[in-house]
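This briefing concerns a predicted model.

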Amino acid sequence: MIVEQIDHRLHDIISSMGVSPSALKDDTNFSRDLGLDSLDITDLLLQVETTFGVRISDEDWWQLQTVGQLKEYLAQETQFD
């Protein structure tokens, strides 16, 4: 999967949670910058796993603090369409 596809899909997921697309930069922190609480983050995890067809372990997930970190992880874990 190419970076542009990952970026577009992530923006769609996070925007559907009521976050402004202009707030989504690589260094944007899910909790601090977007104000997502643990329930929101769990919802985000489930949507990401479903959309990208990956399983993200709890250990990996809690290390992914920013949009950029999540994009890098997905680029490594997903296949090109």
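Leaving aside residues up to four places away in sequence, asparagine 29 touches Leu34, Gln65 and Thr66. Asparagine 29 is located in the loop between α1 and α2.

**Asparagine 29**
- The relative accessible area of asparagine 29 is 8%, and buried means under 20%, so asparagine 29 counts as buried.

**Helix α1: length and buried face**
- Helix α1 covers residues 3–15, which is 13 residues.
- At 1.5 Å a residue, α1 should span 18 Å, and its end C-alpha atoms are 18 Å apart, in agreement with that expectation.
- The residues Ile6, Leu10, His11, Ile13 and Ile14 of α1 are buried.
- Viewed down the axis of α1, these buried residues fall within an arc of 165°, so they line one face of the helix.
- The cover over the buried residues of α1 includes α2 (38–52) and α4 (67–77).

**Packing of α1 against α2**
- The axes of α1 and α2 cross at roughly 140° and come within 10 Å.
- The crossing of α1 past α2 is right-handed.
- On the α1 side, the residues that meet α2 are Ile6, Arg9, Leu10, Ile13 and Ile14.

Key
Residues numbered from 1 in each chain as written. Predicted model: local features only at pLDDT ≥ 70, side-chain atom pairs only at ≥ 80, totals over all residues. Heavy atoms only, no water. Helix = DSSP H or I, 4+ residues; strand = E, 2+ residues; numbered from the N terminus. Expected span 1.5 Å × (residues − 1). Buried < 20%, exposed > 50% of the residue type's maximum accessible area, 1.4 Å probe, protein only. Arc of directions from axis to C-beta. Contact = heavy atoms within 4.5 Å. Axes fitted to C-alpha atoms, helices over the stretch in contact; angles between N-to-C directions. Left-handed = near helix turned anticlockwise from the far one by under 90°.
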